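Please read it with the model open alongside.

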Amino acid sequence: MNNNIIDLTIWQLAAAYVFILMLLVIVKIRNIPRSKEILISSLRMTIQLLLVGYILIYLFDNPHPLWTALVVLLMITFAVWNIFRRVRSGLDKKMKQIIAVSMAAGTLSSLIYFNVIVIQFSPWYEPRYFIPIAGMIIGNSMTGVTLGVQTLTEGMKDQRHRVESALMLGATPKEASRKIVNQSFDNAILPTINNMVGTGIVFLPGMMTGQILAGVNPVTAIEYQIAILLGVTGAVSLTVILFVQNAYKVFFNEKSQLRG
Amino acid sequence: MFTFEEAVYKDILHIDDLRIHKGSMTALIGESGTGKSTMLKLMNHLVSADKGVIRFQGTPVQDWEAVELRREAAMLSQHPVLFGDTVKENLESGCRFAGRPLPSEEQMTHSIQQYDLQKELDDDAGTLSGGEQQRLALARLTLLDPPVCLLDEPTSALDEGLEHEVMEAFIKHARKKQKTVVFVTHSRSIADAYADETMDITPFSYKGRKINE
């Protein structure tokens, strides 16, 4: 099947940018001030992916545990930074620490389990497997935690009176914020659950599509996709539960009073 | 039960010396924004005084474990909150929060009848009017059964006749069980009818008190 891979020429790739041109024309005609962002985003995407491509070639040709660890660390750092950037309400230092620790602990433990128990590749740091899997787990966890942070901070703000009324009756901060914490967890994992429901019917997941296009047997691609989806679900759940179980405490002081 | 010594909270409240005795019914009365609700929150330790000392059973409130104190001196806010979908879930929620055994259906039915709430336990709490929600909140507090009840305008959404009826039921129950009650009210007639002591709260200070005849 590998013989069927179509290597894209630079012109074929350039032709794909017609879609961006089409988008630019639409926003121009409709007078939507988005042209600059569209141009910057497509340019960033191109440069980032080209850079990553060359970095991956180097890493795949020179596998080393230190390089793999460094790349994963950079991915987590970037994901954490991205969460800070995407959450509109201001995050204090303690909340940022909880986000960082939850992301690191949740994604790394899931990643280790997935690589060692499920995929079982060797050596453990093999970048061809480790890095793409880490990317999917960290990326999805980042989306989950972002949704979790937003729901939690907005919930604690909008439902302040509810939380306070529960405290008045002798509820612990944990009990008083239980509903908001559950809503945050639910909102955070919903896209992952929807992803599983729609997979194979509504859309073909990116990784599987990529593998099939690259000539891999569809059954093998599907097996990998199933494993990845389950791994991602586990990682998102673990990361988000670690986050929400600790983050609600930030809204209370040591006297179990609501801050601010 | 509670004592205030030179207690100051922001620019809202300044109480030089105040004692609330065990088993007493105390009304706090005054205009809006004079700090009546804040006074209850200080006792419930939902907020802390900036200066001075507030004691509960002789111990400064800051030395109490806050949740433990609130289980002893529970507070009801002026705007009741629904904790659950049904009347039953709402009645159970107080005990659930305080980590106590849940009340029986018989106790719950009795508690809503006590406040003239014509509802079934399985009824949707979301359809209750403001006044009905206040009565549901009082029933929840009654089932929770704390030694001290801090009530912030517990009957403000009721018409005068029903307001007296509900307050009478609550105070009667409280006296029978030797509870200490501090309640905020906008109604002088409610204060006169049910309080042993009425305290006039004026802006930035607690001005004085009147012992009811």
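1. Conventions. The model is predicted: local features need pLDDT of at least 70, side-chain atom pairs count only at pLDDT 80 or more, and totals for chains, interfaces and linings use all residues. Residues are numbered from 1 along each chain as its sequence is written, while chains are lettered from A and ligands numbered from 1 in the order in which they are written.

2. An unreviewed UniProt entry lists residues 6-26, 38-60, 66-84, 96-117, 129-152, 188-214 and 226-248 of chain A under "transmembrane region". UniProt positions follow the numbering used here, feature names are shortened, and annotations may be inferred rather than shown by experiment. In the model, residues 129-152 of chain A are 100% helix and 0% strand, with end C-alpha atoms 34 Å apart. Residues 188-214 of chain A are 70% helix and 0% strand, and their end C-alpha atoms lie 32 Å apart. Helices (H or I, at least four residues) and strands (E, at least two) are DSSP runs, numbered from the N terminus.

3. Overall form of chain B. Chain B has seven helices and ten strands. Its radius of gyration is 17 Å, close to the 17 Å that the globule rule gives for 213 residues, so chain B is as compact as a globular protein of that length. The radius is taken over C-alpha atoms, and the rule is 2.2 Å times the number of residues to the power 0.38. The C-alpha trace of chain B spans about 50 × 35 × 30 Å along its principal axes. Of the 213 residues of chain B, 46% count as buried; a residue is buried if 20 or more other C-beta atoms lie within 10 Å of its own, exposed if 12 or fewer, and partly exposed in between, with C-beta atoms placed from the backbone.

4. Helix H5 of chain B. Twelve of the 15 residues of H5(B) are buried, among them B:Glu132, B:Arg135 and B:Arg140. The buried residues pack against strands S6 (73-76) and S7 (148-152) and helices H3 (87-97), H4 (105-114) and H6 (160-176) of chain B. B:Asp145, which follows H5(B), has a positive phi near 60°.

5. Contact between the chains. Here 15 residues of chain A are in contact with 20 residues of chain B, contact meaning that C-beta atoms, placed from the backbone, lie within 7 Å. Helix H7 (residues 160-168) of chain A gives the most to the side of chain A that touches chain B, with seven residues. The buried residues of H7(A) pack against helices H6 (127-158) and H8 (173-176) of chain A, together with helix H2 (66-72), S6 and H3 of chain B.

6. Backbone details. Most residues other than glycine have a negative phi, and most peptide bonds are trans. The bond from A:Ser122 to A:Pro123 is cis, with omega near -5°. A:Gln120 has a positive phi of about 55° although it is not a glycine, and A:Gln120 is exposed, with 10 other C-beta atoms within 10 Å.

Conventions. Two residues are in contact if their C-beta atoms, placed from the backbone, lie within 7 Å.
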